[in-house]
Amino acid sequence: SQVQDMSKEKVAAAKNMAFAFDIDGVLAHGNEPIEEAKLALKMLNGDNELGIKIPYILLTNGGGKTEIARCEQLAGLLESPISTDQFIQSHTPMQALAEYYETVLVCGGEDFKVREVAETYGFKNVVHPKDILAWDPTVSPWGIFSEKDRENAKPRDFSKMKFDAILVFADSRDYATDFQIIMDLLLSENGKLLTRAKDPVASRIPIYFSQGDLVFPTNHKGPPRLTQGSFRIAIEAQYKALTGVELERVVYGKPERATYTYADEVLKNWMEQIHNENTLPQNVYMVGDNPQSDIIGGNMAKEGENDAHNPANFGVFENVLEAVKAAVRKELGQDFKLKWNPK
Ligand code: G3P
Ligand code: MG
């Protein structure tokens, strides 16, 4: 067979490469799959003339729902199985924080989905901004509070609760309320609502953002739209104006180093599932559409010695399928083709 015909060198080369794909703009546009991406994933999953599998992971700055829910949705869109073991969304690495914080304010995303995300991560007491609005609507004079919110909110006596940290998991759907409650907590005495700290720095609880992109591509006709990074900058500016001091904060996601380090671990474990070897392949191709996050991060994550082998800018391609074909051609020295002819 063709697999037997493949030289040992080619088999070794195939085992020494992998892909990390961005999602938005590379595999899909929102809920619309990119057709070439479906073919690229099928080929990498083994549906190619060489009969080889090439591992890939998905690395997205998106978020707002559980890993399981998002992988199921993507598998449907892209017509390939997607395991949570090969998937990292912006807030995935933030599960490590559950060891340090018990009561957290979790912001962003549709409905109350981030509550389930945080609970899955192991946070013991998860509060959504709408829970606070349900307790006392005067907290946010211009806040949005629907009937559906009333059904799903979990009001408690928040005058007694002490928050340990603020976690922003996705884009705010109610900027007025999220700004207000985040600022209330940042300015509070040790994370207690209705208080104001004398020293804003000493008693401030920490704030974490799941990613830093300022804008993102959407189906809007004009330029890209504002996203979480712009929301964070507004928080920083409010805090600075109100206190006179800079807000210290932590940002996850691409291009942050911590996210790529986390991705290395995920890829190593995924290599074990695909090739039975728990080692990081030498040549990992990050395919992204956002130079500010995907490409900067990919380049920073590379080891010095890999540079000559896997240059910073491998290329700019029309779509992900062309990028995959070019990378495989470079590594294996031969064309990468589907086993069957697509329509
Ligand atoms: O910035 C928001 C998000 O849509 C970006 O997703 O997959 O391109 O990292 P992605
Ligand atoms: Mg993208």
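**Close-up views of a predicted model**

**View 1. An open sheet of four strands, with parallel pairing, runs in the order β5-β4-β1-β13.** In this predicted model, the edges of the sheet are taken by β5 (87-88) and β13 (283-287), each of which has a single partner strand, so that one side of each is left without a neighbour in the sheet. Strand β1 (residues 17-21) pairs with β13 in the parallel sense, and five bridges join the two. Within this pairing, Phe21 has Val287 of β13 as its bridge partner.

**View 2. The largest nonpolar core is a set of 45 residues.** Those with the most contacts inside this core are Phe19, Phe21, Ala40, Ile54, Ile57, Val320 and Val324. Helix α12 (residues 320-332) supplies the largest share of the core, namely seven residues. A second, separate core holds 34 residues, among them Ala134, Ala170, Leu186 and Ile235. Returning to Phe19, and leaving aside residues up to four places away in sequence, this residue touches Leu44, Ile54, Tyr56, Tyr285, Val287 and Val324.

**View 3. The chain is divided into domain 1 (2-90 + 255-332) and domain 2 (93-251).** The C-alpha centres of domain 1 and domain 2 are 32 Å apart, and the contact between them takes 16 residues from domain 1 and 19 residues from domain 2. On the side of domain 1 that touches domain 2, helix α10 (residues 257-275) gives the most, with three residues. Sorted by class, that side of domain 1 has two nonpolar, eleven polar and three charged residues.

View 4. The residues around ligand 1 are Asp22, Ile23, Asp24, Gly25, Thr60, Asn61, Gly62, Asp213, Phe216, Thr227 and Asn290. By class, this shell around ligand 1 divides into two nonpolar, six polar and three charged residues.

**View 5. The peptide bond from Lys254 to Pro255 is cis, with omega near 5°.** Pro255 is placed in the loop between β12 (250-251) and α10.

**View 6. Glu79 and Leu194 are shown for their backbone angles, phi being positive at about 60° in Glu79 and near 70° in Leu194.**

**View 7. Gln334 is found in the segment after α12.** Because Gln334 has 13 C-beta neighbours inside 10 Å, this residue counts as partly exposed. Although Gln334 and Leu50 are 284 residues apart along the chain, their C-alpha atoms are separated by 9.8 Å.

Technical notes. Residues are numbered from 1 along each chain as its sequence is written. Chains are lettered from A and ligands numbered from 1 in the order in which they are written. This is a predicted model: local features need pLDDT of at least 70, side-chain atom pairs count only at pLDDT 80 or more; totals for chains, interfaces and linings use all residues. A residue is near a molecule or strand if its C-beta atom, placed from the backbone, lies within 6 Å of it. Ala, Val, Leu, Ile, Met, Phe, Trp, Tyr, Cys and Pro count as nonpolar, Asp, Glu, Lys and Arg as charged, and the others, Gly among them, as polar. A nonpolar core is a set of buried Ala, Val, Leu, Ile, Met, Phe, Trp, Tyr and Cys residues joined through C-beta atoms within 7 Å. A residue is buried if 20 or more other C-beta atoms lie within 10 Å of its own, exposed if 12 or fewer, and partly exposed in between; C-beta atoms are placed from the backbone. Two residues are in contact if their C-beta atoms, placed from the backbone, lie within 7 Å. Domain bounds come from an automatic or database domain assignment. Two strands pair if DSSP finds at least two bridges between them.
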